[in-house]
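Subject: Handing over a structure

Hello,

The structure is below for you to pick up. My notes on what was found in it follow.

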Amino acid sequence: MPRTSPKTQPRSADPAIRFDDLTLGYDGHAAIHHLSGELGRGTLTALVGPNGSGKSTLIKGIIGLLKPLGGSFTVSMDQTVAYLPQHSELDRSFPARVKDLVALGLWQRCGLLGRHQPEDRKKVSGALTAVGLDGFGDRPLDTLSGGQLQRARFARVLVQDANLILLDEPFNAVDEKTIRDLIALIQGWRAEGRTVVTVVHDLDLVRSSFPEALLLARRPIAWGPTAETVTPKNMQRARLFQEAWDDDAPWCAPAIRVRPGRAA
Ligand code: ADP
Ligand code: MG
């Protein structure tokens with residue numbers, strides 16, 4: 001069955017995450033609603049949609065920063081989550097060295113003030129090598145280029161060794177070579193059986209490197225294999241839904257005046 005709609009997805013026995021008519025938002029106003037479907041284990045999914053379509057909101061919901069306004073979702077018990085927030089200058093102004101930023105990824109195991117064991121130091125230096133920052137461990141963060149800082153943030157994700165990885169716009173303000181290297185890392189995670197969700201704006205990149213896509217416009221427009229999801233028709237529908245959204249509507253009011261087609 002083609003997976004063009006979350007509602008038509010076959011239910012697998014044990015997905016990484018299952019969404020049931022989920023509504024997420026702020027101060028009683030929905031930012032995304034009616035999300036149902038499953039995120040399969042080991043899938044590599046691009047989260048796509050216009051600005052303000054709810055991509056970051058969905059990721060914040062999954063990691064528990066936002067409580068559902070309606071519906072629910074279930075993250076499978078064995079999932080450990082690593083999250084890369086949208087690029088922030090905060091990381092650069094953090095008065096620390098590259099290896100300190102990366103070691104933050106170990107805090108769940110070591111505690112924030114915990115002492116790092118030789119094994120942890122090995123993990124940090126291994127991660128720096130993997131992201132192409134060999135020898136950068138002692139560099140102050142404010143001396144890094146945008147691409148190098150993003151590599152360091154990926155190293156922080158790497159040391160977490162999570163099986164569910166959520167990346168919010170990791171390719172923004174990053175040079176081409178770094179994007180290629182980060183894509184290779186992401187594909188390596190997928191080859192290891194990890195589940196990866198990445199917010200991506202560049203549709204060519206989505207088509208070339210992400211097998212699955214979830215297209216949002218405050219609600220799911222399409223979800224499934226990228227070739228069937230990121231189509232000109234669906235992108236146009238996403239734009240229409242996004243433009244028709246009433247930001248002041250209470251949650252789940254029928255604020256969308258565009259007649260929904262089959263896939264939404
Ligand atoms: P995207 O990541 O797709 O660009 P977001 O998920 O950040 O979109 O935002 C979706 C909607 O929720 C937008 O209308 C945005 O203004 C609103 N929003 C995001 N964060 C907050 C917040 N902290 N408080 C209130 N509204 C917010
Ligand atoms: Mg966002």
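**A helix residue to start with**

Asn 234 sits in helix H10 (residues 232–244). Helices and strands here are DSSP runs, numbered from the N terminus: helices are H or I with at least four residues, strands are E with at least two. Asn 234 counts as buried, at 10% relative accessibility. Buried means under 20% relative accessible area, exposed means over 50%, and partly exposed lies in between (1.4 Å probe, protein chains only). The side chain of Asn 234 reaches the backbone oxygen of Glu 228 at 3.4 Å. That is a polar contact: a pair of N or O atoms within 3.5 Å; within protein, one must be able to donate a hydrogen and the other to accept it, and residues adjacent in sequence count only if both atoms are side-chain atoms. Leaving out residues up to four places away in sequence, Asn 234 touches Leu 215, Ile 221, Ala 222, Glu 228 and Thr 229. Contact means heavy atoms within 4.5 Å.

**Ground rules**

This is a predicted model, in which local features need pLDDT of at least 70 and side-chain atom pairs count only at pLDDT 80 or more, while totals for chains, interfaces and linings use all residues. Residues are numbered from 1 along each chain as its sequence is written, chains are lettered from A and ligands numbered from 1 in the order in which they are written, and side-chain values use heavy atoms, with hydrogens and water left out.

**The chain as a whole**

The protein chain has 10 helices and 9 strands. It has 264 residues, and 50% of them count as buried. Take the contacts in the chain with a separation of 6 or more: residues 24 or more positions apart account for 70% of them.

**The magnesium ion**

Which residues coordinate the magnesium ion (ligand 2)? They are Ser 56, through OG, and Gln 86, through OE1, at 2.1 to 2.6 Å. Ser 56 lies in helix H1 (residues 55–62), and Gln 86 in the loop between strand E5 (81–84) and helix H2 (89–93), so the pair ties together parts that are 30 residues apart in sequence. Donors are N, O and S atoms within 2.8 Å of the metal (3.2 Å for Na, K and Ca); water is not among the atoms, so sites may look incomplete. Ser 56 is buried, with a relative accessible area of 17%. Gln 86 is partly exposed, at 35%.

**Ligand 1**

Ser 56 turns up again here. The residues around ligand 1 include Tyr 26, Ala 31, Ser 56, Thr 57, Arg 218 and Asp 247. A residue is near a molecule or strand if one of its heavy atoms lies within 4 Å of it. A polar side-chain atom of Tyr 26 lies 3.3 Å from a nitrogen atom of ligand 1. A polar backbone atom of Gly 54 is 3.1 Å from an oxygen atom of the ligand. For Lys 55, a polar side-chain atom lies 2.8 Å from an oxygen atom of ligand 1.

**The open sheet**

An open sheet is formed by 3 strands, in the order E2-E1-E4, with antiparallel pairing. Strand E2 (29–39) and strand E4 (70–75) stand at the edges with a single partner strand each, so one side of each is left without a neighbour in the sheet. From one strand to the next, the twist averages 30°. Strands pair if DSSP finds at least two bridges between them. Strand E1 (residues 17–26) is joined to E4 by 5 bridges. One pairs Ile 17 with Val 75 in E4. H1 lies across E1, E2 and E4 and runs at about 115° to E1. Axes are lines fitted to C-alpha atoms, for helices over the stretch in contact, and angles run from 0 to 180 degrees between N-to-C directions.

**The parallel strands**

E5 and E6 pair in the parallel sense over 4 bridges. Val 81 has Leu 164 as its bridge partner in E6. E6 also pairs in the parallel sense with strand E7 (residues 195–199), over 4 bridges. There, the partner of Ile 165 is Val 196. Is E6 covered on both faces or left open? Both faces are covered: Leu 164 and Leu 166 on one side, Ile 165 and Leu 167 on the other, are all buried.

His 34 has a positive phi of about 60° although it is not a glycine. His 34 is in strand E2 and counts as partly exposed, at 26% relative accessibility. Glu 169, also not a glycine, has a positive phi near 50°. Glu 169 lies in the loop between strand E6 (164–167) and helix H7 (176–191). At 9% relative accessibility, Glu 169 counts as buried.

Best wishes
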